[in-house]
Amino acid sequence: MDVKPWDDETDMVGLEAAVRGIIKDGLVWGASKLVPVGFGIKKLQINLIIEDDKIGLDDLQEEIQEFEDFVQSTDIVSQSCVSCQPHQFTNEIRLPCKSCKCGLGVLELYILHSPAL
């Protein structure tokens, strides 16, 4: 998600603290960085993981935009959906990802079946 400030005088540390201060079940904040957009202005680019059943992206964006002293606008830069539901292919298995520290990640395993030679 991109969070764009009003100008180059916006307190970006305060902006990030306000955004990360949103704590909800089904929301995990990830890595972030400041990205130059021009004229000395930097936007906050922040990764997040949400559970669709618990958090709506539109609602989250509206909540972030309520920080009117900091935020001019927000944009979803990219979005990936990972479903725990089995797919139509019988050779695909999805398991909870043991390497994911937040516990929400899903590890996708594809088992390739090759006939015996």
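Biologist: Why is Val28 called partly exposed?

Modeller: In this predicted model, the relative accessibility of Val28 is 26%. Buried would require under 20% and exposed over 50%, with partly exposed in between, so Val28 counts as partly exposed at 26%.

Biologist: Where is Val28 found, and what stands opposite Val28 in E3?

Modeller: Val28 is found in strand E2, and the residue opposite Val28 in E3 is Ile49. Val28 and Leu48 are 20 residues apart in sequence, yet their C-alpha atoms are 5.6 Å apart in space.

Biologist: What makes E2 and E3 a pair of strands?

Modeller: Two strands pair if there are at least two bridges between them. E2 and E3 are joined by nine bridges and run antiparallel, so by that criterion they pair. Among the bridge partners, Ser32 goes with Ile46 in E3. The hairpin of E2 and E3 has two residues between the strands, and Phe39 takes a positive phi near 55° there.

Biologist: How do you know that E1 and E3 pair?

Modeller: The criterion is at least two bridges, and E1 and E3 have two, in the antiparallel sense. Asp2 has Gln45 in E3 as its bridge partner, while the partner of Val3 in E3 is Leu44.

Biologist: In what order do the four strands stand in the open sheet?

Modeller: The order is E2-E3-E1-E4, with antiparallel pairing. E2 and E4 stand at the edges with a single partner strand each, so one side of each has no neighbour in the sheet. On average, neighbouring strands of this sheet are turned by 25° against each other, direction ignored.

Biologist: Which strands does H1 lie across, and which does H2 lie across?

Modeller: H1 lies across E1, E2, E3 and E4 and runs at about 15° to E3. H2 also lies across E1, E2, E3 and E4, running at about 160° to E4.

Biologist: What makes Gln61 buried?

Modeller: Gln61 has a relative accessible area of 14%. The cut-off for buried is under 20%, so Gln61, at 14%, is buried. Gln61 is found in helix H2. Leaving aside neighbours within four places in sequence, Gln61 is in contact with Met1, Thr74, Asp75 and Ile76.

Biologist: Which residues of H2 are buried, and how do you know that they line one face of the helix?

Modeller: In H2, which spans residues 57–65, the buried residues are Leu57, Leu60, Gln61 and Ile64. Seen down the axis of H2, they fall within an arc of 100°, so they line one face of the helix.

Biologist: What does the face of H2 turned away from the buried side carry?

Modeller: That face carries Asp58 and Asp59, which are exposed.

Biologist: What covers the buried residues of H2?

Modeller: The cover includes helix H1 (12–20) and the strands E1 (2–5), E2 (27–38), E3 (41–50) and E4 (71–75).

Terms used:
Residues are numbered from 1 along each chain as its sequence is written. This is a predicted model: local features need pLDDT of at least 70, side-chain atom pairs count only at pLDDT 80 or more; totals for chains, interfaces and linings use all residues. Side-chain values use heavy atoms; hydrogens and water are left out. Buried means under 20% relative accessible area, exposed over 50%, partly exposed in between (1.4 Å probe, protein chains only). The arc is that of the directions from the helix axis to the C-beta atoms. Contact means heavy atoms within 4.5 Å. Axes are lines fitted to C-alpha atoms, for helices over the stretch in contact, and angles run from 0 to 180 degrees between N-to-C directions.
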